[in-house]
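Hello,

Here is the structure I promised to pass on to you. Have a look at it first, and then read my notes below.

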Amino acid sequence: MRRGLVVSLLFIVVLAFGGLATVQAKNWEPELGLDLQGGAYVVLQPKGNPASGVLDQSIEIIRNRVDALGVAEPDISRQGDSIIVQLPGVKDQQRALEIVGQTAELRFRPVLNAFPPEDATTTTTTTTTTPDASTTTVATDTGTSTTSTTSTTVPPGTTPREEAGADKEVILPELDDDGEVSVRYQLGPAKATGRIIKSATAEPPTTTGDWTVNADFTGDGNALFNQIAQLCFSAAPECPSKAVAIELDNVVISAPQVQEPQFDGSVTISGAFSEREAKDLALVLRFGSLPVELEPQSTQTVSATLGKDSLRAGVTAGLLGLALVMIYMILYYRALGIVVVMGLAVSGALMWSLVSYLGDSTGLALTLAGAVGIIVSVGVTVDSYVVYFERLKDEIRSGKTIRSSVERGFTRAYRTIFAADLSSLIGAGLLYFLTVGSVRGFAFFLGISAMLDLFVAYFFTRPMVTFLGRSRLFTEARFFGVARGLAATGGTGSA
């Protein structure tokens, strides 16, 4: 039995402090949440009254976009009809917020005409097509023509589902690197939407040039795009310029000439993209359009300074409370109080190692609510020691010695400890699955602490107290002996 106790004690100590040394060597630290390291917070409100399934789909798309941005442990939840997005530690907050709420309604439209950038008013245009239908002459508000159409200019950033309807002719701008209008296109009704795209990736320049985006089509999408390609390649009246515009949220991203009448499942989108622009476009296309238009109701940025102040205050309060608990346990239980201190050190090392590992591998973030859960769990852990020690007192009062009481007392006390921790686990689980936001963080770390308490109580507290109970140095010391802590008068011999 003694060998088993030694193995148990060595196992838990090596696991705890070996893990702590490992995370320190790898420079792993807990990822901090929005309230501790700063970041961005936005409340998105859908237009109209979308169905519940539509909102759930929007949340999933937003979550995929945020994950691709590399934000650690984003908190994306639903409160009523609103979607709450918290992005801790995001560096370019404005860019992240734009990508999160971007409707990303991608449309493919045939190009009818092109206008200079200063033509920003409602315009009546005429087109004259040469007999071979290979070139187009553009005139504005002039004389004779074979076809006359009217198009309304749509300023960039307006809502595509309202102003720039898919079944209407529109005039939309193409922007340069500075966000200024470089050219305006008269576009025909949309022939396809971004739903024909299965995936998209940003590709760097091969030798010289700009970044591009490679888009792969779905099976049906490829067939639909080939219809557009054949229309434009042949310079049909619906696409006299032989160009197809790629429109994203009322802005022409690119208007390439169609070079082939047919494509085999993929296409390359070019448009003088920078690296960031290409990656952002690929990200939005890859995870699809939001099924409902979302409007930001409130946007808030949390500074890192405020987060550090909150963390510092929480740590100070936690350490002060922990110190008072340790002092009380040592004064009340004497040498057994030292076991409490050592046990809390083992639990702390395990907790830090686990949270640091999860933060590095899965992006788990420690929020202020999570820190509160850990601090509250200290009381749960100390209760476990009190249950065990008080059980030892009962055993000794019945006439048994310390040596014979430690194992029997632990067996009976562990049932109570297990029931208490199981109750905490059930409560934490219900909170985690039925709530949102910071309450989930509190529940998660409280649940981890309850499991660690069961683990440490069995593998550390049990063998440690057993060894102390067999040593006269610790049981009969004048001031800090175990016997004094348990108010025992019997010796250390067997009952």
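What is the accessible surface of the protein chain, and what share of it belongs to carbon and sulfur atoms? The total is about 24,000 Å², and 57% of that belongs to carbon and sulfur atoms; areas come from the Shrake-Rupley method with a 1.4 Å probe, and for residues only the protein chains shown count as cover.

Some notes on reading this: the model is predicted, so local features need pLDDT of at least 70 and side-chain atom pairs pLDDT 80 or more, while totals for chains, interfaces and linings use all residues. Residues are numbered from 1 along each chain as its sequence is written, and side-chain values use heavy atoms, leaving out hydrogens and water.

Now to one residue. Leu 9 lies in helix 1 (residues 2-25); helices are DSSP runs of H or I with at least four residues, strands are runs of E with at least two, and both are numbered from the N terminus. Leu 9 counts as buried because its relative accessibility is 16%, where buried means under 20%, exposed over 50% and partly exposed in between. Pro 463 is 454 residues away in sequence, yet its C-alpha is 6.3 Å from that of Leu 9.

On to the rings: the whole structure has 20 aromatic pairs, meaning Phe, Tyr or Trp (six-membered) ring centres within 6.5 Å, with planes under 30 degrees apart stacked, over 60 edge-to-face and the rest tilted. Phe 108 and Phe 225 form an edge-to-face pair, 5.5 Å centre to centre with 70° between the planes. Both Phe 108 and Phe 225 are buried.

Enjoy exploring!

Conventions. Buried means under 20% relative accessible area, exposed over 50%, partly exposed in between (1.4 Å probe, protein chains only).
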